[in-house]
Amino acid sequence: MGRYVIRRLLQMIPVFFGTTLLIFLMVNVMGDPVAGLCGDRQCDPATAARLRAEFGLDKPVWQQYLTYMGNVFTGNFGTAFNGQKVTELMATAFPITIRLTVVAIVFEIVIGISLGVVTGLQRGRPVDTGVLVLTLVVISVPTFVTGLLLQLLLGVKWGVISPSVSSEAPLDELILPGLVLASVSLAYVTRLTRTSIAENTRADYVRTAVAKGLPRRRVVVRHLLRNSLIPVITFIGTDVGALMGGAIVTERIFNIHGVGYQLYQGILRQNTQTVVGFVTVLVLVFLAANLIVDLLYAVLDPRIRYA
Amino acid sequence: MRGATQVRWAACAVAVALAATACGGGGGTGGGGADGIVSSSWGDPQNPLEPANTNEVQGGKVLDMVFRGLVRYDPKTGEAKNEIAQKIESTDSQNFTITIKDNWTFSNGEKVTAQSFVDAWNYGAALKNNQKNAYFFQYIDGYDKVHPESGSASAGTLSGLKVVDDTTFTVKLSQKFSLWPDTLGYAAFVPLPKTFYENHDAWLAKPVGNGPYTVESYAKGSSMNLRRWDGYPGTDKAQNGGIDLKVYTDNNTAYTDLTAGNLDLVDDVPASQLKNVEADLGNRYINTPAGIIQTLAFPFYVKAWNTPDAVKVRQGLSMAINRAQITDQIFRKTRTPATDWTSPVLGKDGGYKPGLCGSPCEYDRTAAKKLIEEGGGIPGGQLKISYNADTGSHKEWVDAVCNSINNVMGDNRACVGAPVGTFADFRSQVSTQKLTGAWRAGWQMDYPLIQNFLQPLYYTNASSNDGKWSNEKFDGLVDKANAESDKAQAVTTFQDAEKVLAEQMPVIPLWYQNGSAGYSDRVENVSLNPFSVPVYDQIKVK
């Protein structure tokens, strides 16, 4: 187990450098960011040159990348064009997005898995068909439609919630955005769980468990569900990373100043430091989530061993 | 049955979720009357909030509340009126003596003196401070020493600025510029307190100025709370208790918040909502002219565009654009078809002259086609209009302009839009002369003067003359106008220079842009100034 973890951690190093290099190059390909700082007019050449020197943009790309990585390892993620430290931006954005992701994941796990178990056990019955149709609807409607619709109905027409989240983004204000963000994944989780459960109800170990006379709850939760969760955990694991970085649409609709919004603004303003910094952290989150998922396999299915 | 219980539980979770969100909703701002607080939408300022470093509306809003300068533009007419200045005098349009009133202080108690101005201007002009508005000081003598085009500065301060006593200082310009005092209303010219230099980081975290509002708290990237300063010495005291600026991730969300009653003022109604705005807000919607003109610019560094024949092509293209239809259908009257190269906010006395462009700016299908064909057709056989696709609704109108041209030419490929991914990339291609076709250009005035709509854009090698157009007659008239000591005479001479533009059509004027805003029924007396910034200090809370 320990050796496996170490091997995985070592594998992360090239992945980490590769992804950061790629994103660094991609942001650079977009052109000179200083030109966008002066609105529809030309920046005066002397000031522009000084700004380029200050942000290190006058050096060749490989040198910029090396300096940047060197700084990252000392915890310095650079400065955004508005003079704010990128670490400062991260310190405000990540807690908010983590809260939003937690809300979304909780919805996925609680609603998704319970619906999956219910439908999986009642295959072919009306409940099953009903939920299946419902998930199909949710999957086919884009997030921004659900988001704007719920915002309009609950926020403006009925006035039960505030249509926008305040800048502190407390947990209770994030519940609707979290639900919207989770909706599509939630439908997938339901479907994955259902299929997996339905398949495993006929497995030998379930029959053995029933034959032993175990109570139904124990059979379902301990034996059936636990073994059926592997594909679901894989999905949720990768979803953690996707939700954190890909909440741009939801964050813009509900005015959440999280990672997605900072990335969006960083890209618009072509702010290499912000974009690369946030993506670097997201890459780390992805890698960590994947490792945890792989380790969870062993916990869920005793037949899986890591040497 | 176990299954059913679980379904019920799930339904419960959703209900709880929504109910809990309900508890979190609502909010709004308390208090009414003279102490009422107005909440307003905001965007994250692009640059640090230094006066000489802020060149966009979002940071400009704050500076307009926190600072007052020598001169202030009347929010209604745009006319430059003395604010801190007692008098600004000159006998030769080049050497100015500025006397300031002695009752002004910063909100921290420090006195506003001649030194406060001179220090602030020296700071703004110095190359080492990276101030993006440094070019505002370019007319002051010694600018080329403190801010050389290349290399390092050979002087620390502007030699043209001299403090005489606490309330008087003199300014020597490097050229004659009779309208120069009228430029002093721009935020770059405000005075700065000593703490700005001594404790710069702390100042940036919480700016201190001499305006009707003070900054109570500032959370970078999310909100700023401004409160009325009761000790404000000016005559335009704030009519409300304060302004809460809230950063929105999207102007649609801000608009939704306004319609839900959580926000008092949105100063940027999203294009997609313009068709609903009358129904949603009724008469609480403002749509007034702002000092912004949109144009199509051409590359004069490309040989084919820099010929006498190409003049006819450009005039023809201008006549092929159905401006009225586009401003009605796409912009829903938040733009007005342009008939000169300035803006209606200048007013007649300021140099705005509708119809100056004449027939080349009028839609005329047959004449357009004839002119383009006489000029030898569009250079390269196709007009490419570059625009940035990330912000604004540029795609819609560029496509409409192209359709209009294509219809006239009877050729579906005569004009195409060429989107560029980001604004920064677009600007960098424009300013480094990479584009070989036309591009969208916009100009937001720095100060309400006709000079500002002409000289920076069309004078030979001027800072924003991206197309590198050059015309001796035009340059000569601008120089002459700047030397005129009589204001009315200067304006007329500038208009003569503008007539050269009508003959040569270096850029095609498209439309004048309006500022738009919507407000809640909690507030009244809301208006936009010629810079499309809300006049916050006049807003009254019911």
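Colleague: Which helix of chain A gives the most to the lining of the second largest cavity?

Modeller: Bear in mind that this is a predicted model. The helix is α11 of chain A, residues 259–268, and it gives three residues to that lining.

Colleague: Which residues line the second largest cavity?

Modeller: From chain A, the lining includes Ala80(A), Phe81(A), Asn82(A) and Leu89(A), along with Gln262(A), Gln265(A), Gly266(A), Arg269(A), Asn271(A) and Thr274(A).

Colleague: What is the volume of the second largest cavity, and how does its lining divide by class?

Modeller: The volume is about 100 Å³. The lining has seven polar, three nonpolar and two charged residues.

Colleague: How many cavities does a search of the whole structure find?

Modeller: The search finds seven, counting those of 30 Å³ or more.

Colleague: Which residues are closest to the centre of the largest cavity?

Modeller: They are Ala297(B), Ala441(B), Leu457(B), Ser464(B) and Val507(B), out of 21 lining residues.

Colleague: Which elements of chain B each supply at least two residues of that lining?

Modeller: Three are to be named: β12 (285–297), β16 (438–444) and α15 (450–458) of chain B. The most comes from β16(B), with four residues.

Colleague: What is the make-up of the largest cavity's lining by class?

Modeller: There are 12 nonpolar residues, together with five polar and four charged ones.

Colleague: Turning to domains, how is chain A divided?

Modeller: Domain 1 of chain A covers 2–73, and domain 2 covers 90–300. The C-alpha centres of these two domains are 32 Å apart.

Colleague: How is the size of an interface often given?

Modeller: The usual figure is often the accessible area lost when the parts come together. Between domain 1 and domain 2 of chain A, the buried area is about 1,600 Å². Carbon and sulfur atoms give 75% of that area.

Colleague: How many residues of each domain are in contact?

Modeller: In chain A, 19 residues of domain 1 are in contact with 18 residues of domain 2.

Colleague: How many salt bridges does the rule find across this interface?

Modeller: The rule finds one across the interface of domain 1 and domain 2 of chain A.

Colleague: Which residue forms a salt bridge with Arg8(A), and how far apart are the closest N and O atoms?

Modeller: The partner is Asp294(A), and the closest N and O atoms are 2.2 Å apart. By the bounds given for chain A, Arg8(A) falls in domain 1 and Asp294(A) in domain 2.

Terms used: Residues are numbered from 1 along each chain as its sequence is written. Chains are lettered from A and ligands numbered from 1 in the order in which they are written. This is a predicted model: local features need pLDDT of at least 70, side-chain atom pairs count only at pLDDT 80 or more; totals for chains, interfaces and linings use all residues. Side-chain values use heavy atoms; hydrogens and water are left out. On a 1 Å grid over the protein atoms alone, a cavity is a set of points where a 1.4 Å probe fits but cannot get out, and a pocket is an open set with protein on both sides within 12 Å along at least five of seven lines; lining residues have an atom within 4 Å of a point. Grid points are joined across faces, edges and corners, and a volume is the space filled by probe spheres set on the points. Ala, Val, Leu, Ile, Met, Phe, Trp, Tyr, Cys and Pro count as nonpolar, Asp, Glu, Lys and Arg as charged, and the others, Gly among them, as polar. Domain bounds come from an automatic or database domain assignment. Contact means heavy atoms within 4.5 Å. Buried area is the accessible area (1.4 Å probe) that two parts lose on being put together, summed over both. A salt bridge is a side-chain nitrogen of Lys or Arg within 4 Å of a carboxyl oxygen of Asp or Glu.
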